[in-house]
Amino acid sequence: MCSREAAVDRILAAKRATGLSFEALAADLGVHEVWLATALLGHATMNREDSERVSELLGLDPEVTVALQEIPSRDDLSAGPPPDPLLYRFFEILGTFGPAMKAVIEERLGDGVMSAMDFTLGVARTPHPDGDRVVVTFDGRFLPHRRWCRAHAGPGVAR
């Protein structure tokens with residue numbers, strides 16, 4: 001049995017050895033490159049067909065194929081900012097602009113959250129005279145909080 005962490009190490013080594021990009025792998029599988037990178041880095045579950053195909057493309061063994069199909073544990077940011085400078089910038093952006101984004105979302109849409117499951121993420125490069133820019137797009141379904149009532153109380157809840 002191959003752990004998720006060991007599978008990620010093998011995947012990244014195979015990716016380097018083959019020279020295949022996330023974009024090329026995603027195009028072959030017909031999936032979004034950011035989702036594929038998320039799965040290959042151990043944070044999303046691949047179906048059997050996709051895990052077998054990516055294993056074939058990267059020359060990975062069956063243990064890695066199986067590990068790609070397992071439900072992962074997602075990162076916990078409660079330990080504080082990540083040490084990687086690029087990831088730290090996202091942490092810093094949320095710390096600085098998160099409350100303002102929340103206020104604008106609530107003003108426009110009401111009390112609720114953006115889904116992280118019904119969600120897509122885009123990353124683009126835009127040329128700029130002062131240096132290329134990174135454009136990150138979060139696209140998540142809005143899930144309004146709802147008022148609970150007795151009729152919706154679950155089993156074992158006093159009515």
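**Helix packing and burial**

Analyst: Bearing in mind that this is a predicted model, we can begin with helix α2 (residues 22-29) and helix α4 (residues 48-58), whose axes come within 10 Å and cross at roughly 130°.

User: Parallel, perpendicular or oblique, then, for α2 and α4?

Analyst: Oblique: an angle between 115 and 145 degrees is neither roughly perpendicular nor roughly antiparallel, and α2 and α4 are therefore oblique to each other. As for handedness, the crossing in which α2 passes α4 is right-handed.

User: Which residues in α2 and α4 meet?

Analyst: On the α2 side they are L25, D28 and L29, and these meet D50, R53, V54, L57 and L58 on the α4 side.

User: What is L29 in contact with, beyond its neighbours within four places in sequence?

Analyst: With those neighbours left aside, L29 is in contact with L36, M46, D50, R53, V54 and L57.

User: Switching topic, where does T65 lie, and is it buried or exposed?

Analyst: T65 lies in helix α5, which covers residues 62-67, and with a relative accessibility of 9% T65 counts as buried. Leaving aside neighbours within four places in sequence, the contacts of T65 are with S51, E52 and S55.

User: Zooming out, how many helices and strands does the protein have, and what pattern does it follow?

Analyst: There are six helices and two strands, and read along the sequence they follow the pattern α-α-α-α-α-α-β-β.

User: What share of the residues in the protein is buried?

Analyst: Buried residues account for 22% of the 159 residues. The protein exposes about 11700 Å², of which carbon and sulfur atoms supply 58%.

User: What about contacts between residues at least 24 apart?

Analyst: Counting contacts between residues at least 6 apart in sequence, 53% join residues that are at least 24 apart.

Note on methods. Residues are numbered from 1 along each chain as its sequence is written. This is a predicted model: local features need pLDDT of at least 70, side-chain atom pairs count only at pLDDT 80 or more; totals for chains, interfaces and linings use all residues. Side-chain values use heavy atoms; hydrogens and water are left out. Axes are lines fitted to C-alpha atoms, for helices over the stretch in contact, and angles run from 0 to 180 degrees between N-to-C directions. Helices (H or I, at least four residues) and strands (E, at least two) are DSSP runs, numbered from the N terminus. Angles under 35 degrees count as roughly parallel, over 145 as roughly antiparallel, 65 to 115 as roughly perpendicular and the rest as oblique. A crossing is left-handed if the near helix is turned anticlockwise from the far one by less than a right angle, and right-handed if clockwise. Contact means heavy atoms within 4.5 Å. Buried means under 20% relative accessible area, exposed over 50%, partly exposed in between (1.4 Å probe, protein chains only). Accessible areas come from the Shrake-Rupley method with a 1.4 Å probe; for residues, only the protein chains shown count as cover.
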